[in-house]
Amino acid sequence: MIKPIIIAIGLLGLAGCVKDTEVVNPVDTLFLGDHIITMDDATEGATAVALIGDSIVATGSREELTKRIGPNTQVIELGERALVPGFIDSHGHFSFVGAMADMVNLTPPPVGNTEDIASLQQAIRDFIDERDLSADDWVYGFGYDDSLLAEGRHPTRHDLDAVSTEIPIAITHVSGHLMVANTKALDRSGITSETPNPKGGVIRRDSDGQTPNGVLEEKATYIMRSGMSSINDDDPAAFAKTIDRAIQEHTSQGLTTVQEGGANPVLVEKFRALAKDKPLPIDLVAFPVGNGDSVEQLTAFRNETNY
């Protein structure tokens, strides 16, 4: 069966045409246009694509496939728009995209508005005020880029303490490989002057060489990440909501195959449980992270390549 494809732009469906004579093998949906890209030499140049349900059953010429228009066929004239296969994500963190809806957007222009540390601080203040957060909550942010901040440096715990010393704040670098936490977040996570750098990570220090300055690199970020409730919450409904948001975000951009890079066995099993209850409308490929796992743990990881 040919895999279904999607259109990465909105389309206006036209009413199906009713034939006076009986149609042989009528289709449910018919796309017609001069800009259909199939990525297949055998069908390149097609001006029509026919679907039954959500599966492509035929590609060919307009003249050929309009013969399969039935009384209930939806005919979509593409005009100058293009029909392309669904995009395949080559590197991504699927569930994290869903979790970003619960984070402060700290991206620089043109994606966001963070140009300096002052605007970063204000974005976090606004987020706290809008959600009426308290010391019992956590504030997570994503997307700051030290290379594009006017100061040309990472913010530190001192910068985030200027926003709040009562509410724990942890923000993630645009690369995903660094985080910055305020003093409250460091305290809650048990990171102190006595905490050694974890293997594969760095806890940056103040000028005294001991006190954490709030910037965490690589594996040192894992302690903070474990508190992200929208991903790590054991509530299936909360996890399902996060994944629904991730699905909507990816499919709205034309992605039909996505990746969960650096997945752990617990997260993979949560995906399996979710898909068993309600099959995902996109293909998900999970790549387990093996750093620190024993040979026995890696061997026990259940691998599936069929679905």
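Contact means heavy atoms within 4.5 Å. The model is predicted: local features need pLDDT of at least 70, side-chain atom pairs count only at pLDDT 80 or more, and totals for chains, interfaces and linings use all residues. Residues are numbered from 1 along each chain as its sequence is written, and side-chain values use heavy atoms, with hydrogens and water left out.

Asp-89 lies in the loop between S5 and helix H2 (94-99). Helices (H or I, at least four residues) and strands (E, at least two) are DSSP runs, numbered from the N terminus. Asp-89 counts as buried because its relative accessibility is 14%; buried means under 20% relative accessible area, exposed over 50%, and partly exposed in between (1.4 Å probe, protein chains only). Beyond its neighbours within four places in sequence, Asp-89 is in contact with Leu-255, Thr-257, Val-258 and Gln-259.

Strand S12 covers residues 255-263. Three strands make up an open sheet, ordered S5-S12-S13, with parallel pairing. At its edges are strand S5 (87-88) and strand S13 (283-288), each of which pairs on one side only. Two strands pair if DSSP finds at least two bridges between them. S12 and S13 are joined in the parallel sense over six bridges. Within this pairing, Glu-260 stands opposite Ala-286 in S13.

Helix H9 (residues 265-277) packs on the sheet and touches S12 and S13. The direction of H9 makes about 150 degrees with that of S12. Axes are lines fitted to C-alpha atoms, for helices over the stretch in contact, and angles run from 0 to 180 degrees between N-to-C directions. The 13 residues of H9 should span 18 Å at 1.5 Å a residue, and the end C-alpha atoms are 19 Å apart, which agrees. The expected span is 1.5 Å times one less than the number of residues. Leu-267, Val-268, Lys-270, Phe-271, Arg-272 and Leu-274 are the buried residues of H9.

His-154 sits in the loop between strand S7 (139-144) and helix H4 (157-161). His-154 is buried because its relative accessible area is 13%. Its side chain makes a polar contact with the side chain of Tyr-144 (2.7 Å). A polar contact is a pair of N or O atoms within 3.5 Å; within protein, one must be able to donate a hydrogen and the other to accept it, and residues adjacent in sequence count only if both atoms are side-chain atoms.

Gln-121 belongs to helix H3 (residues 117-131). Not counting residues up to four places away in sequence, Gln-121 touches Asp-159, Ala-162 and Val-163.
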